[in-house]
Amino acid sequence: LRWYDQHRRSLPWRETRDPYRIWLSEIMLQQTRVAAVLDHYRIFLERFPNVQTLAAASEEAVLAAWSGLGYYRRARMLHRCAQQIVEQDGGCFPRNSESLRALPGIGRYTAAAIASIAFAESVAVVDGNVERVLRRLTGIHLTTPQTWQHAQALLADSRPGDFNQAMMELGATVCVPRAPRCPRCPVRKWCATQGGTQGEVARAKPP
């Protein structure tokens, strides 16, 4: 958390606790680089500043605003989700990850990201960056359930949203897939692999 406070990138969705804006950023960032999302995020919010305006829009208008991001199924699911939130939840996002997962287009990761960042729920997230950090840190090829368990065990309950973002930031900027920047890593002394490749990581023992 100290490292994150000092070194995190300045990104617009990190300046808010609005679940709508956090949700939008998480959907846009799926399979898309941060640099490509920045302008689209700003323009989309100018057109649809809240869940009500998004729900009321036509699908054509939503797809037009999404243009350039690709994977248009994400935009359609975004629109459906906004409509369900307005029609069934009075325009208010559910405040926990379990309820969020019941919405269209929101899986385990996205639900945990929204719940922890917007509502401070103590629930961990696992994306590709977090998975890589945990694999190198433990020195074990963790199964998917083990990865989520490790992430949850490490979570700082005092600042769960920031901790989740810190783990993702660490994987995105320091513990990168190739040529990890180990001297800059805040958890290097606890790392089992010291930036070792996947081939140097042991297989997890079955429970």
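I'll start with T110, which sits in helix α8, the run from residue 108 to 119. Before going further: this is a predicted model, and that applies to everything I say today.

How accessible is T110? Its relative accessibility is 3%, and the cut-off for buried is under 20%, so T110 counts as buried. Leaving out residues up to four places away in sequence, T110 touches E26, I27 and Q30. With Q30 there is also a polar contact, side chain to side chain, at 3.3 Å.

Next, helix α9, residues 128-138. The buried residues here are V130, R132, V133, L134, R135, R136 and L137. Please note that the list includes arginines: R132, R135 and R136 are among the buried residues. What do the buried residues of α9 pack against? There are three elements: β1 at 140-141, α10 at 144-154, and α11 at 160-173.

Now the two ends of that helix. At the start of α9, D127 places a side-chain oxygen within 3.1 Å of the backbone nitrogen of N129. Just after α9 comes G139, with a positive phi of about 75°.

That brings me to α11, one of the elements that the buried residues of α9 pack against. The residue I picked there is F163. F163 has a relative accessible area of 16%, and therefore F163 is buried. Again without residues up to four places away in sequence, F163 touches L1, L154, L155 and A156. Of those, L154 falls within the range given for α10, 144-154. I also looked at F163 against V125: the two are 38 residues apart along the chain, and their C-alpha atoms are separated by 9.6 Å.

C81 has a relative accessibility of 0%, so C81 counts as buried. C175 is in no disulfide either; for C175 the nearest cysteine sulfur belongs to C185, at 6.3 Å. A disulfide here requires the two sulfurs to be within 2.5 Å. C175 also counts as buried, because its relative accessibility is 12%.

The buried residues of α9 pack against β1, α10 and α11. F163 in α11 is buried.

Key. Residues are numbered from 1 along each chain as its sequence is written. This is a predicted model: local features need pLDDT of at least 70, side-chain atom pairs count only at pLDDT 80 or more; totals for chains, interfaces and linings use all residues. Side-chain values use heavy atoms; hydrogens and water are left out. Helices (H or I, at least four residues) and strands (E, at least two) are DSSP runs, numbered from the N terminus. Buried means under 20% relative accessible area, exposed over 50%, partly exposed in between (1.4 Å probe, protein chains only). A polar contact is a pair of N or O atoms within 3.5 Å; within protein, one must be able to donate a hydrogen and the other to accept it, and residues adjacent in sequence count only if both atoms are side-chain atoms. Contact means heavy atoms within 4.5 Å.
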